[in-house]
Amino acid sequence: MNPEHPVTSDASEAVTPESLRTQYESGATVEELVATSGLSYGTVLNRLHDAGTEMRTSWQTRRLRQNPQARRRLAAHLRTLYEQHGATLTELAAAAGETRRDARRLLLEAGGTVRTTQQTQRVRAAARAAERYKVALSLRVRYEAGATVPDLAREHSYSVATVYRLLHQAGTRMRPQHHHGPARATRKRS
């Protein structure tokens, strides 16, 4: 659900098989777990299997969701995706296995408020800016530990200019630039 923001390996390690199993057994679908965890579909399935989860069929999920308590949990889950992750109604519908209209209804049942397109764009822009700042801070830590700008650019597949911009954004005090080329002759030849 969050394709613009790749999950770091640290974050993906925090999503334990047991936590996925608990959510799944509470009525979440594999697609919903993919959306909320940022993990791939295959990784979520592998972690569910590692936790010994008994998998449901789609009709079992539908029957589970007819339960009012499960419906409330689903509605609350969709509201979280919508408000905290900036998901659109289309993304909510995909995560819930419902239509956009049903996803909207569930969102409203959970006390959510439907955003305008502009509001959604602002929420997503803010999330991207926060992610960029987080990357900038991690680059600053590596730079202050002695890494060079070209090394950071290579490690993160960024241009040198992007690394400089991110370091500047993080308020990094830059080291003096060194010229590593051959020494220049300073004397005139006669």
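This is a predicted model: local features need pLDDT of at least 70, side-chain atom pairs count only at pLDDT 80 or more; totals for chains, interfaces and linings use all residues.
Close-up 1. To find T120 on the chain, look in helix α9, which covers residues 117–144. Is T120 buried or exposed? The relative accessible area of T120 is 11%, and a residue counts as buried when that value is under 20%, so T120 is buried.

**Close-up 2. L107 and the residues around it.** Next we visit helix α8, where L107 has its place. L107 counts as buried because its relative accessibility is 0%. Setting aside neighbours within four places in sequence, we find L107 in contact with R79, Y82, L89, G112, T113 and V114.

**Close-up 3. The crossing of helices α6 and α8.** Here we stay with α8 and bring in its partner. Helix α6 spans residues 68–84 and helix α8 spans residues 100–109; their axes come within 8 Å and cross at roughly 95°. Angles of 65 to 115 degrees count as roughly perpendicular, and α6 and α8 are therefore roughly perpendicular to each other. On the α6 side, the residues that meet α8 are R71, L74, A75, L78, R79 and Y82. On the α8 side, they are A103, R105, L106, L107 and E109. Sorted by class, the contact of α6 with α8 has seven nonpolar, no polar and four charged residues.

**Close-up 4. The crossing of helices α2 and α4.** How do the axes of helix α2 (residues 17–25) and helix α4 (residues 41–50) cross? They come within 8 Å and cross at roughly 95°. From α2, the residues taking part are P17, L20, R21 and Y24, and they meet V44, R47, L48 and D50 of α4. The contact of α2 with α4 divides into five nonpolar, no polar and three charged residues.

**Close-up 5. A94 in helix α7.** A94 is found in helix α7, made up of residues 89–96. With a relative accessible area of 57%, A94 is exposed. If you also locate A35, you can compare two positions that are 59 residues apart along the chain: the C-alpha atoms of A94 and A35 are separated by 9.5 Å.

**Close-up 6. S157 in a loop.** Where is S157 found? Look in the loop between α10 (149–156) and α11 (160–169). The phi of S157 is near 55°, which is a positive value in a residue other than glycine. S157 is exposed, and its relative accessible area is 67%.

**Setting for the close-ups. The protein chain as a whole.** The protein chain has eleven helices and zero strands. Of its 190 residues, 29% are buried. Among contacts with a separation of 6 or more, 61% come from residues 24 or more positions apart. The protein chain exposes about 12,800 Å², and carbon and sulfur atoms supply 51% of that area.

Terms used. Residues are numbered from 1 along each chain as its sequence is written. Side-chain values use heavy atoms; hydrogens and water are left out. Axes are lines fitted to C-alpha atoms, for helices over the stretch in contact, and angles run from 0 to 180 degrees between N-to-C directions. Helices (H or I, at least four residues) and strands (E, at least two) are DSSP runs, numbered from the N terminus. Contact means heavy atoms within 4.5 Å. Ala, Val, Leu, Ile, Met, Phe, Trp, Tyr, Cys and Pro count as nonpolar, Asp, Glu, Lys and Arg as charged, and the others, Gly among them, as polar. Buried means under 20% relative accessible area, exposed over 50%, partly exposed in between (1.4 Å probe, protein chains only). Angles under 35 degrees count as roughly parallel, over 145 as roughly antiparallel, 65 to 115 as roughly perpendicular and the rest as oblique. Accessible areas come from the Shrake-Rupley method with a 1.4 Å probe; for residues, only the protein chains shown count as cover.
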